[in-house]
Amino acid sequence: MDVLPLLTLICLTLAADAPLGPGDHVRHLQVDGFDRSYLVHVPPQYDPQKPASVVLAYHGAFNNGTIMVLFSGLNRKADKAGFVVVYPEGTGKGPVLFFNPDRKPRKGWPDDVRFTDKLLDDLATVVNVDPKRVYATGVSNGGMMCYRLAADLSQRIAAIAPVAGTMTFSECKPARPVSIIHFHGTKDQFVPLEGKKGVIIQFRPIDKIMRAWAAIDGCPTTPKLELLPDKANDGTRVTRTTYGPGKEGSEVVLYTIENGGHTWPGRNPGFQFLGKSTQDISANDLIWDFFQRHPMK
């Protein structure tokens, strides 16, 4: 028997299960017959002896994890703040990938809640994960996925931060209160703030989603409204709407960007057709501050 292929297989297996150090990594796993993968960025100050906070970052439709790295700029924030950021990859063909945010079983559609559950199990074999500090953010289709996780995986996801996304289902009963920070532009042409009926899934109005989750989390029905300073003079203004505190100190916060497009606040999208990206706020700074305040109880 030729021992070289066997030794190669052993080495690859050991490398796949070896603890991850600082830098960028790719992980692969099989879920329900689908070949799935995710990217992991470990910050320079990561100490494997200490449990680390993890932020899952879901890309938009027709995108992938690599594009999400560039679009969000979360690696830079992770390096400053010290959290591990993970970019799950959707399913599709080539670099054109999607997530399934709908709760209705559909033939041929993956169960991305199960994928996330298995991803977290796999990640814990190579990263010292703090189970009370696992969070989810995402843009567009990835933002929709965040709401699906809040509804169906709240026992593992402490808080969520959808950007330019929506919730595609009407009712849910999460196992625990989930704090939410949401960012949305009034000129978003892809996921309109007021909602719309899609061909396959329905985009619910954002204000109704906020009020629904405020009720789920036991927050006061009357929110606090604040018009934030116009720092950048870029043709946008930001209003913050806050419901809370609710059960277990939960909050539901909406940042509405007047004249904002289908963009990540604080980042330059690089594509004019997506609309304006406000520079009055940094989504990454606000998301991380919010996540730090809302670990799982």
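**Group meeting: a walk through the predicted model**

Okay, let's start with charge: the mean positions of the 34 positive and 30 negative charges of the protein chain are 5 Å apart. Here Lys and Arg count as positive and Asp and Glu as negative, with His and the chain ends not counted, and each charge is placed at NZ of Lys, CZ of Arg, CG of Asp or CD of Glu.

Quick housekeeping. This is a predicted model, so local features need pLDDT of at least 70 and side-chain atom pairs count only at pLDDT 80 or more, while totals for chains, interfaces and linings use all residues. Residues are numbered from 1 along each chain as its sequence is written, and side-chain values use heavy atoms, leaving out hydrogens and water.

Now the overall fold. You'll find seven helices and 14 strands in the protein chain; these are DSSP runs numbered from the N terminus, helices being H or I with at least four residues and strands E with at least two. The radius of gyration, taken over C-alpha atoms, is 19 Å, close to the 19 Å from the globule rule (2.2 Å times the number of residues to the power 0.38) for 297 residues, so the chain is as compact as a globular protein of that length. Of those 297 residues, 53% count as buried, meaning under 20% relative accessible area, with exposed over 50% and partly exposed in between (1.4 Å probe, protein chains only).

On to the inside. What does the largest nonpolar core look like? It has 47 residues, and L56, V86, I157, I160, M210 and W213 have the most contacts inside it. By nonpolar core I mean buried Ala, Val, Leu, Ile, Met, Phe, Trp, Tyr and Cys residues joined through side-chain atoms within 4.5 Å. Helix α5, residues 141-152, gives the largest share of this core, six residues. A second, separate core of 34 residues includes V55, V85, A159 and W264.

Next, F34, which sits in strand β2 (residues 34-42). F34 is partly exposed at 26% relative accessibility. Leaving out residues up to four places away in sequence, F34 touches L29, T91, G108, W109 and P110, where contact means heavy atoms within 4.5 Å.

Most residues other than glycine have a negative phi, and most peptide bonds are trans. D32, in the loop between β1 (23-31) and β2, has a positive phi near 55°. F62 has a positive phi too, about 65°, and is exposed, at 58% relative accessible area. And G244 and P245 are joined by a cis peptide bond, omega about 0°.
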